[in-house]
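Good morning, everyone, and thank you for making the time. Today I would like to walk slowly through one structure, beginning with a single chain and then turning to the place where two chains meet.

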Protein chains: 2
Amino acid sequence: MASSRSSDGGEGRAAPEGVGLLVDLYELTMADSYLRHGLNQEATFDLFVRELPPRRNFLVAAGLESVLDFLEGLRFSPEALEYLESLKLFSREFLGYLEEFRFTGDVWAVPEGEVVFPPEPLLELRAPRIEAQIVETFLLNQINFQTMIASKAARVVLAARGRAVVDFSPRRDHGVDAALKAARSSYLAGCAGTSNVLAGQVYGIPVYGTMAHSYVMSFEDELSAFRAFARDFPQNVILLIDTYDTLQGARHAVEIARELAPQGVRVKGVRIDSGDLARLSREVRRILDEAGLADVQILLSGDLNEYKIERLLREGAAADAFGVGTEMGTSYDAPALGGVYKLVEDARGYRIKLSAGKATLPGRKQIWRACGDDGRMCHDVLALADEPPPEPAARALLVPVMRGGKRLGPPEPLHEVRERCLKNLERLPEPLQRLERPSDYAYPVRLSPKLEELRARMLREVAQANAKRAS
Amino acid sequence: MASSRSSDGGEGRAAPEGVGLLVDLYELTMADSYLRHGLNQEATFDLFVRELPPRRNFLVAAGLESVLDFLEGLRFSPEALEYLESLKLFSREFLGYLEEFRFTGDVWAVPEGEVVFPPEPLLELRAPRIEAQIVETFLLNQINFQTMIASKAARVVLAARGRAVVDFSPRRDHGVDAALKAARSSYLAGCAGTSNVLAGQVYGIPVYGTMAHSYVMSFEDELSAFRAFARDFPQNVILLIDTYDTLQGARHAVEIARELAPQGVRVKGVRIDSGDLARLSREVRRILDEAGLADVQILLSGDLNEYKIERLLREGAAADAFGVGTEMGTSYDAPALGGVYKLVEDARGYRIKLSAGKATLPGRKQIWRACGDDGRMCHDVLALADEPPPEPAARALLVPVMRGGKRLGPPEPLHEVRERCLKNLERLPEPLQRLERPSDYAYPVRLSPKLEELRARMLREVAQANAKRAS
């Protein structure tokens with residue numbers, strides 16, 4: 001189910017050796033310089049988001065699996081080293097270092113499918129500084145994107161109120177990796193499956209799809225098209241009924257269902273992709289029900305998003321499932337997540353960045369989550385890693401996932417991640433389950449007194465030290 | 001320079017065999033059905049955009065190289081076939097067909113780097129219908145994304161008015177393939193290079209980058225950091241001067257330039273990443289000039305886009321180059337391009353889709369572009385493929401690029417594509433070079449009288465036929 005690695009190689013693979021060079025050049029020049037200056041002591045970096053993107057009430061963690069796969073497999077191939085040498089920038093010593101490179105660090109992370117809030121770290125990485133530096137670009141690339149899609153998809157899933165949502169986005173996603181991981185991240189966030197066959201193969205996600213309008217138009221008439229398809233795929237009969245006239249299409253679906261019932265062929269569903277979906281779906285439902293086909297499902301699609309789905313349901317649309325493409329696969333209304341990766345501790349102790357609007361929290365951390373008697377999330381406490389739980393029932397969100405460059409366990413089955421996410425969505429405070437940003441409520445993320453005190457002290461110290469350094 | 005294929009395999013490759021299954025499931029079910037019903041005659045599909053996205057005045061064609069690479073190499077591996085078989089949907093006959101699959105069709109396309117306008121086809125593909133159907137998802141995925149990024153990047157390049165623009169987007173791009181192709185598409189549209197080392201390796205794009213704030217903070221003081229870096233990379237000294245105090249940083253850059261000049265080390269530039277960039281850059285310019293360092297360049301970065309760059313230059317910013325990340329790499333303000341792929345001709349003749357707002361233009365086509373005496377584009381004529389040029393000097397934009405599944409030439413060197421694009425941007429009508437959508441001008445894309453007549457006739461015929469088919 002949840003293998004993140006395609007057996008046939010190529011772009012389908014989550015993190016082959018070839019992506020070692022998916023790195024901003026400055027990571028490598030800095031790393032070379034650190035090596036020359038002996039600045040390769042252990043350092044801890046936090047990957048976190050400073051604030052929620054517009055129109056988001058929470059984030060759903062995703063991307064960890066790609067990261068662990070990458071860290072464990074990261075090598076620099078002879079071709080990569082040859083290319084770097086051709087840039088005539090790097091020292092022999094550094095190229096030799098890369099030739100032998102293995103990631104040897106430790107990673108703590110919020111498991112995929114957990115809900116997180118800024119500025120909680122999604123991931124904490126402790127490694128020799130150069131290793132930690134070199135992996136920054138890839139980690140941000142993957143976690144920013146996948147968390148963004150999972151967070152968007154969770155909204156669509158919430159809006160669908162228990163109805164199935166299927167990812168229809170491959171043709172609008174940003175390339176091959178995006179299409180794969182949009183399918184994975186949206187499934188993880190509660191979608192039922194994807195139209196993307198490669199994602200089905202690579203991740204074991206259920207795949208969905210039957211026909212396009214062009215198929216219906218390839219036959220002499222609609223009834224012939226439906227009949228051909230139902231006979232060809234008797235176990236997967238979902239008929240697209242809006243090519244010519246949706247209500248007439250529904251009657252044709254009824255006709256085919258009756259005609260082929262004696263042969264044991266059951267029409268599973270119909271899809272409507274255009275027009276006034278609320279009204280049409282109700283009328284189609286009535287046509288199907290009156291024909292005794294109450295079990296035939298209705299799938300709606302066509303430039304949908306969470307707002308349109310909410311409105312459709314409010315308007316009484318008869319929908320069992322929604323196909324959602326562009327807006328979910330690109331997180332159209334917030335298409336980039338601003339996650340950052342910052343030094344919080346090194347050989348010299350706690351570290352902090354002092355910059356307007358860009359301050360960081362020092363030290364290795366733990367996120368503690370407290371829930372109410374109803375099981376709903378109440379508040380989080382962000383504490384230093386070695387502090388005891390702030391209250392006995394609080395749950396720790398950051399868990400160790402890699403030690404000495406080795407994963408601490410096999411990949412989590414993706415359907416388990418999905419179940420965790422669905423549970424989390426149920427446990428969200430009610431105002432956060434709505435699509436609009438609540439005006440009178442923000443989820444409380446508190447700092448532990450110890451972390452708060454440390455931060456205040458360091459801000460003072462660093463302000464003084466910076467004044468001196470800049471001089 | 002322009003190899004689109006990484007030698008070390010993996011996700012860096014443009015179109016390995018593994019992506020054959022990057023296809024919406026319905027393409028395969030339809031294909032299986034077409035095979036069973038003998039519906040595999042030659043068909044022609046147009047890939048086009050119905051209308052410009054918000055805040056875009058033109059499109060820059062990109063993605064063709066990925067498509068040709070994909071079409072030439074498309075195979076279904078034993079693992080892919082095994083997966084498809086496991087779905088228990090497909091006929092033996094169809095799985096056998098896929099096992100032997102080779103793309104055998106012809107392709108005409110607008111070369112990368114050309115400017116196009118809706119509804120001009122970016123690509124026209126003629127192949128046995130099943131082949132044409134199966135490749136739809138990948139073609140749309142790649143051309144939609146890459147054309148979208150090239151079109152956004154061209155705006156940034158125009159706003160920079162001759163100053164260099166560097167892609168800084170990998171950490172916010174939608175995955176690995178997106179980071180690679182964002183670098184390629186933005187370079188193709190006139191950017192000077194990228195921070196993405198993998199894109200440098202795969203496409204031969206110039207790579208840029210030196211240091212982050214964390215580097216400066218890793219040393220005892222700013223001067224020590226600058227000194228270390230300049231000594232380590234004497235040929236690539238660009239100093240980030242805003243970690244503590246930008247003007248003081250500029251003076252430190254001057255100090256280092258003087259200190260290391262006797263050793264032949266030249267400070268090439270300084271980068272400012274925060275604050276009031278217009279004011280700071282002017283003051284930094286003055287500090288550098290007064291120190292006799294008029295040749296030290298100033299690079300500005302920090303959440304830039306075309307609007308901010310235009311404003312900076314209007315406010316007199318002293319900038320030689322801009323680093324642009326998130327907004328360019330994700331086309332943030334229009335993060336999906338709605339390209340579609342529609343049947344225009346098949347064994348039965350011209351085809352048309354009749355649907356409110358979704359009508360297509362029948363037949364194989366040619367785009368003719370007419371320019372004025374000043375070399376600027378005047379208007380385009382969209383004609384049937386076999387029509388003569390509407391005027392003697394008009395230039396044909398669709399050129400044959402693949403015949404019988406084989407490319408008609410080697411990949412174009414990417415720097416030549418870039419030069420073509422830069423020339424095209426110069427030749428744009430002046431209103432289209434502005435960032436705002438002109439309220440009183442739209443680029444004229446006319447239909448030839450023959451195409452217009454055919455379209456009108458077919459709309460009538462199809463409306464009648466559909467009424468019959470739906471009944």
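This is a predicted model: local features need pLDDT of at least 70, side-chain atom pairs count only at pLDDT 80 or more; totals for chains, interfaces and linings use all residues.

Let us begin with chain A, whose secondary structure comes to 17 helices and 19 strands, and whose C-alpha trace spans about 80 × 55 × 40 Å along its principal axes. Chain A has 471 residues, and 65% of them count as buried. If we take the contacts in chain A with a separation of 6 or more, we find that 75% of them are accounted for by residues 24 or more positions apart.

As for charge, chain A carries 60 positive and 67 negative side chains, with the centres of the two sets lying 3 Å apart.

Now, how many residues of chain A are in contact with chain B? The count is 109 residues of chain A, which touch 109 residues of chain B.

The size of an interface is often given as the accessible area lost when the parts come together. Here, chain A and chain B bury about 8,900 Å² between them, and 56% of that area is on carbon and sulfur atoms.

Finally, there are 8 salt bridges across the interface of chain A and chain B. As an example to look for on the screen, A:E27 forms a salt bridge with B:R171, where the closest N and O atoms are 3.3 Å apart.

Note on methods. Residues are numbered from 1 along each chain as its sequence is written. Chains are lettered from A and ligands numbered from 1 in the order in which they are written. Side-chain values use heavy atoms; hydrogens and water are left out. Helices (H or I, at least four residues) and strands (E, at least two) are DSSP runs, numbered from the N terminus. Buried means under 20% relative accessible area, exposed over 50%, partly exposed in between (1.4 Å probe, protein chains only). Contact means heavy atoms within 4.5 Å. Lys and Arg count as positive and Asp and Glu as negative; His and the chain ends are not counted. The place of a charge is taken as NZ of Lys, CZ of Arg, CG of Asp or CD of Glu. Buried area is the accessible area (1.4 Å probe) that two parts lose on being put together, summed over both. A salt bridge is a side-chain nitrogen of Lys or Arg within 4 Å of a carboxyl oxygen of Asp or Glu.
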